[in-house]
Amino acid sequence: MSVRVQIEPFDAGEELRLFSEGAKGAGAIVTFSGVVRDEDGSLEAMEIEHYPGMTESALENIRNEAMSRWSLSSVLIIHRYGALKAGEQIMMVATASRHRADAFAAAEFLMDYLKSRAPFWKKEFGSTGEKWVEARDEDEASLKRW
Amino acid sequence: MIDVLYFAWLRERIGAPKEQIETNATTVEELVAELREKSEAHALAFSDVSAVRVAVDQELTEFTASISGAREVAFFPPMTGG
(Lines give C-alpha, C1' and ligand atoms only; values in the text may rest on other atoms or scores of the structure.)
Protein backbone atom coordinates (compact mmCIF):
# COMPACT_ATOMS: atom_id res chain seq x y z
CA MET A 1 0.00 0.00 0.00
CA SER A 2 1.44 3.34 -0.98
CA VAL A 3 -0.59 5.36 1.56
CA ARG A 4 -0.79 4.11 5.14
CA VAL A 5 -2.33 5.71 8.20
CA GLN A 6 -1.50 3.62 11.24
CA ILE A 7 -1.18 3.61 14.99
CA GLU A 8 1.70 1.08 14.99
CA PRO A 9 5.36 2.09 14.86
CA PHE A 10 7.20 1.34 11.63
CA ASP A 11 10.81 0.64 10.72
CA ALA A 12 11.98 3.34 8.29
CA GLY A 13 14.97 1.24 7.20
CA GLU A 14 12.80 -1.74 6.38
CA GLU A 15 10.27 0.49 4.60
CA LEU A 16 13.05 1.98 2.46
CA ARG A 17 14.31 -1.51 1.60
CA LEU A 18 10.84 -2.65 0.49
CA PHE A 19 10.22 0.61 -1.39
CA SER A 20 13.55 0.29 -3.23
CA GLU A 21 12.75 -3.29 -4.17
CA GLY A 22 9.47 -2.18 -5.69
CA ALA A 23 11.04 0.79 -7.50
CA LYS A 24 13.31 -1.12 -9.86
CA GLY A 25 14.64 1.05 -12.65
CA ALA A 26 14.47 4.25 -10.61
CA GLY A 27 17.79 6.07 -10.58
CA ALA A 28 16.85 8.21 -7.59
CA ILE A 29 15.06 7.52 -4.32
CA VAL A 30 14.46 10.27 -1.78
CA THR A 31 13.07 9.63 1.70
CA PHE A 32 12.06 11.95 4.50
CA SER A 33 11.28 10.81 8.06
CA GLY A 34 9.60 12.99 10.66
CA VAL A 35 10.62 12.28 14.25
CA VAL A 36 9.10 13.52 17.53
CA ARG A 37 11.41 16.24 18.92
CA ASP A 38 12.23 16.00 22.62
CA GLU A 39 12.25 19.82 22.95
CA ASP A 40 15.40 19.69 25.10
CA GLY A 41 13.93 17.02 27.31
CA SER A 42 10.70 18.87 28.17
CA LEU A 43 8.45 16.79 25.91
CA GLU A 44 7.11 13.66 27.54
CA ALA A 45 4.68 12.47 24.90
CA MET A 46 2.74 13.49 21.83
CA GLU A 47 -0.78 12.52 20.87
CA ILE A 48 -1.79 12.72 17.22
CA GLU A 49 -5.48 12.91 16.40
CA HIS A 50 -6.79 12.46 12.87
CA TYR A 51 -10.01 12.33 10.87
CA PRO A 52 -10.51 8.70 9.82
CA GLY A 53 -11.77 8.56 6.24
CA MET A 54 -10.81 12.08 5.29
CA THR A 55 -7.17 11.46 6.23
CA GLU A 56 -6.82 8.55 3.82
CA SER A 57 -8.51 10.38 0.94
CA ALA A 58 -6.52 13.59 1.57
CA LEU A 59 -3.23 11.64 1.51
CA GLU A 60 -4.33 9.77 -1.61
CA ASN A 61 -5.13 13.10 -3.33
CA ILE A 62 -1.78 14.61 -2.33
CA ARG A 63 -0.01 11.52 -3.63
CA ASN A 64 -1.91 11.62 -6.94
CA GLU A 65 -1.11 15.31 -7.32
CA ALA A 66 2.61 14.59 -6.88
CA MET A 67 2.43 11.72 -9.40
CA SER A 68 0.81 14.03 -11.96
CA ARG A 69 3.29 16.90 -11.48
CA TRP A 70 6.55 14.98 -11.54
CA SER A 71 7.87 11.95 -13.31
CA LEU A 72 7.71 9.42 -10.47
CA SER A 73 7.62 5.64 -10.60
CA SER A 74 6.38 5.28 -7.01
CA VAL A 75 5.42 7.26 -3.94
CA LEU A 76 5.05 6.06 -0.35
CA ILE A 77 3.36 7.96 2.48
CA ILE A 78 3.16 6.56 6.02
CA HIS A 79 1.69 8.69 8.83
CA ARG A 80 1.06 7.56 12.39
CA TYR A 81 -1.56 8.67 14.88
CA GLY A 82 -2.11 7.95 18.57
CA ALA A 83 0.43 8.22 21.38
CA LEU A 84 4.09 8.76 20.51
CA LYS A 85 7.20 9.42 22.57
CA ALA A 86 10.18 11.65 21.79
CA GLY A 87 12.46 10.07 19.24
CA GLU A 88 9.72 7.97 17.64
CA GLN A 89 9.03 8.17 13.91
CA ILE A 90 5.84 10.10 13.15
CA MET A 91 5.77 9.79 9.41
CA MET A 92 7.74 9.02 6.29
CA VAL A 93 7.56 9.83 2.59
CA ALA A 94 9.54 8.18 -0.17
CA THR A 95 9.67 9.10 -3.85
CA ALA A 96 11.30 7.22 -6.72
CA SER A 97 12.19 8.70 -10.08
CA ARG A 98 14.65 8.30 -12.94
CA HIS A 99 16.47 11.46 -11.82
CA ARG A 100 16.97 13.14 -8.47
CA ALA A 101 15.43 16.54 -9.24
CA ASP A 102 11.91 15.11 -9.53
CA ALA A 103 12.36 12.86 -6.49
CA PHE A 104 13.55 15.77 -4.28
CA ALA A 105 10.90 18.23 -5.48
CA ALA A 106 8.07 15.72 -5.05
CA ALA A 107 9.23 14.82 -1.54
CA GLU A 108 9.24 18.50 -0.55
CA PHE A 109 5.82 19.02 -2.10
CA LEU A 110 4.43 16.00 -0.21
CA MET A 111 5.83 17.32 3.07
CA ASP A 112 4.45 20.83 2.56
CA TYR A 113 0.99 19.44 1.82
CA LEU A 114 1.08 16.90 4.66
CA LYS A 115 1.85 19.72 7.10
CA SER A 116 -1.14 21.89 6.28
CA ARG A 117 -3.67 19.87 4.25
CA ALA A 118 -3.80 16.44 5.86
CA PRO A 119 -6.22 16.30 8.82
CA PHE A 120 -3.83 15.57 11.68
CA TRP A 121 -3.56 17.51 14.93
CA LYS A 122 -0.69 17.16 17.37
CA LYS A 123 -0.90 17.63 21.10
CA GLU A 124 2.23 17.84 23.21
CA PHE A 125 2.44 16.66 26.81
CA GLY A 126 5.35 18.05 28.79
CA SER A 127 6.59 19.09 32.18
CA THR A 128 4.55 22.31 31.95
CA GLY A 129 1.28 20.66 30.94
CA GLU A 130 -0.39 19.91 27.63
CA LYS A 131 -0.92 22.02 24.55
CA TRP A 132 -2.11 21.70 20.97
CA VAL A 133 0.62 22.40 18.45
CA GLU A 134 -0.32 25.52 16.50
CA ALA A 135 -0.06 25.68 12.75
CA ARG A 136 2.74 27.99 11.65
CA ASP A 137 2.24 30.77 9.11
CA GLU A 138 5.45 29.67 7.36
CA ASP A 139 3.92 26.24 6.72
CA GLU A 140 0.88 27.79 5.07
CA ALA A 141 3.11 30.18 3.09
CA SER A 142 5.31 27.35 1.84
CA LEU A 143 2.31 25.88 -0.05
CA LYS A 144 2.35 28.92 -2.33
CA ARG A 145 5.61 27.89 -3.97
CA TRP A 146 3.85 24.96 -5.65
CA MET B 1 -30.20 15.22 10.17
CA ILE B 2 -26.55 16.00 9.71
CA ASP B 3 -23.51 14.66 11.57
CA VAL B 4 -21.33 17.43 12.98
CA LEU B 5 -17.81 16.35 13.93
CA TYR B 6 -15.24 18.17 16.05
CA PHE B 7 -11.51 17.60 16.29
CA ALA B 8 -8.65 18.73 18.53
CA TRP B 9 -9.44 21.75 20.74
CA LEU B 10 -12.89 22.17 19.18
CA ARG B 11 -13.77 18.65 20.35
CA GLU B 12 -12.45 19.49 23.83
CA ARG B 13 -14.35 22.78 24.08
CA ILE B 14 -17.61 21.29 22.82
CA GLY B 15 -17.09 18.22 25.01
CA ALA B 16 -18.02 15.68 22.30
CA PRO B 17 -16.46 14.35 19.09
CA LYS B 18 -19.77 14.24 17.24
CA GLU B 19 -23.40 15.30 17.42
CA GLN B 20 -26.42 14.88 15.22
CA ILE B 21 -28.12 18.13 14.33
CA GLU B 22 -31.57 18.79 12.94
CA THR B 23 -31.04 21.89 10.85
CA ASN B 24 -32.48 24.04 8.10
CA ALA B 25 -29.14 25.71 7.45
CA THR B 26 -28.08 25.71 3.79
CA THR B 27 -24.48 26.89 4.26
CA VAL B 28 -21.68 26.26 6.76
CA GLU B 29 -22.06 29.86 8.01
CA GLU B 30 -25.74 29.33 8.77
CA LEU B 31 -24.96 26.06 10.55
CA VAL B 32 -22.32 27.79 12.69
CA ALA B 33 -24.85 30.50 13.62
CA GLU B 34 -27.25 27.77 14.80
CA LEU B 35 -24.54 25.86 16.65
CA ARG B 36 -23.48 29.01 18.54
CA GLU B 37 -26.97 29.15 20.07
CA LYS B 38 -26.81 25.59 21.39
CA SER B 39 -24.68 26.20 24.49
CA GLU B 40 -22.02 28.42 26.00
CA ALA B 41 -19.42 25.81 25.05
CA HIS B 42 -20.51 26.02 21.42
CA ALA B 43 -20.49 29.81 21.50
CA LEU B 44 -16.95 29.75 22.91
CA ALA B 45 -15.72 27.19 20.39
CA PHE B 46 -17.05 29.28 17.50
CA SER B 47 -16.19 32.71 18.95
CA ASP B 48 -13.34 33.18 16.45
CA VAL B 49 -13.97 31.27 13.23
CA SER B 50 -10.75 32.57 11.69
CA ALA B 51 -9.11 29.86 13.83
CA VAL B 52 -11.50 27.18 12.55
CA ARG B 53 -11.39 25.13 9.35
CA VAL B 54 -14.28 23.17 7.88
CA ALA B 55 -14.77 20.05 5.78
CA VAL B 56 -18.10 19.09 4.19
CA ASP B 57 -18.39 15.36 3.48
CA GLN B 58 -14.66 15.07 4.14
CA GLU B 59 -13.63 17.73 1.61
CA LEU B 60 -11.90 20.86 2.88
CA THR B 61 -14.00 23.90 1.99
CA GLU B 62 -15.00 27.47 2.94
CA PHE B 63 -17.60 28.76 5.42
CA THR B 64 -19.66 30.05 2.50
CA ALA B 65 -20.00 26.50 1.10
CA SER B 66 -23.37 24.83 0.72
CA ILE B 67 -24.32 21.99 3.05
CA SER B 68 -27.46 21.01 1.15
CA GLY B 69 -27.57 17.22 0.95
CA ALA B 70 -24.40 16.88 3.02
CA ARG B 71 -24.15 13.99 5.48
CA GLU B 72 -21.19 15.22 7.51
CA VAL B 73 -19.70 18.57 8.45
CA ALA B 74 -16.44 18.66 10.43
CA PHE B 75 -14.89 21.58 12.30
CA PHE B 76 -11.26 21.66 13.37
CA PRO B 77 -8.24 23.93 13.90
CA PRO B 78 -5.61 24.40 11.16
CA MET B 79 -3.99 21.04 10.53
CA THR B 80 -0.57 20.12 11.91
CA GLY B 81 0.52 16.98 10.09
CA GLY B 82 3.97 15.95 9.01
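**Close-up views of a predicted two-chain model**

**View 1. Strands E3 and E5 of chain B pair in the antiparallel sense.** Strand E3 (residues 53-56) of chain B is joined to E5(B) by four bridges, and the two run antiparallel; helices (H or I, at least four residues) and strands (E, at least two) are DSSP runs, numbered from the N terminus. Within this pair, B:Val54 stands opposite B:Phe75 of E5(B). The model is predicted, so that local features need pLDDT of at least 70 and side-chain atom pairs count only at pLDDT 80 or more, while totals for chains, interfaces and linings use all residues. Residues are numbered from 1 along each chain as its sequence is written, chains are lettered from A and ligands numbered from 1 in the order in which they are written, and side-chain values use heavy atoms, with hydrogens and water left out.

**View 2. The sheet of chain B is open and has five strands.** The strand order is E2-E1-E5-E3-E4 (chain B), with mixed pairing, where two strands pair if DSSP finds at least two bridges between them. Strand E2 (18-21) and strand E4 (59-61) of chain B stand at the edges with a single partner strand each, so one side of each is left without a neighbour in the sheet. Neighbouring strands of this sheet are turned by 25 degrees against each other on average, direction ignored. Helix H2 (residues 28-36) of chain B packs on the sheet and touches E1, E2, E3 and E5 of chain B, and its direction makes about 70 degrees with that of E5(B); axes are lines fitted to C-alpha atoms, for helices over the stretch in contact (heavy atoms within 4.5 Å), and angles run from 0 to 180 degrees between N-to-C directions.

**View 3. The sheet of chain A is open and has four strands.** Its order is E1-E4-E6-E2 (chain A), again with mixed pairing, and the edge strands, strand E1 (3-6) and strand E2 (28-35) of chain A, each pair on one side only. Here neighbouring strands are turned by 5 degrees against each other on average, direction ignored. Strand E4 (residues 74-80) and strand E6 (residues 89-97) of chain A pair in the antiparallel sense over six bridges, with A:Ser74 standing opposite A:Ala96 in E6(A).

**View 4. Helices H2 and H3 of chain A lie across strands of chain A.** Helix H2 (residues 54-69) of chain A lies across E1 and E4 of chain A and runs at about 150 degrees to E1(A). Helix H3 (residues 100-117) of chain A lies across E2, E4 and E6 of chain A, running at about 150 degrees to E6(A).

**View 5. A:Arg4 and A:Glu15 meet in a salt bridge.** The N to O distance is 2.9 Å, a salt bridge being a side-chain nitrogen of Lys or Arg within 4 Å of a carboxyl oxygen of Asp or Glu. A:Arg4 lies in strand E1 of chain A and A:Glu15 in helix H1 (residues 12-22) of chain A, so the pair ties together parts that are 11 residues apart in sequence.

**View 6. Chain B touches chain A.** In this interface, 19 residues of chain B are in contact with 25 residues of chain A. The two chains bury about 1,700 Å² between them, 57% of it on carbon and sulfur atoms, buried area being the accessible area (1.4 Å probe) that two parts lose on being put together, summed over both. In chain B, the residues losing the most area to chain A are B:Met79, B:Thr80 and B:Gly82, together 40% of what that side buries. Two salt bridges are counted between the chains, and A:Glu49 forms a salt bridge with B:Arg11, the closest N and O atoms being 2.5 Å apart.
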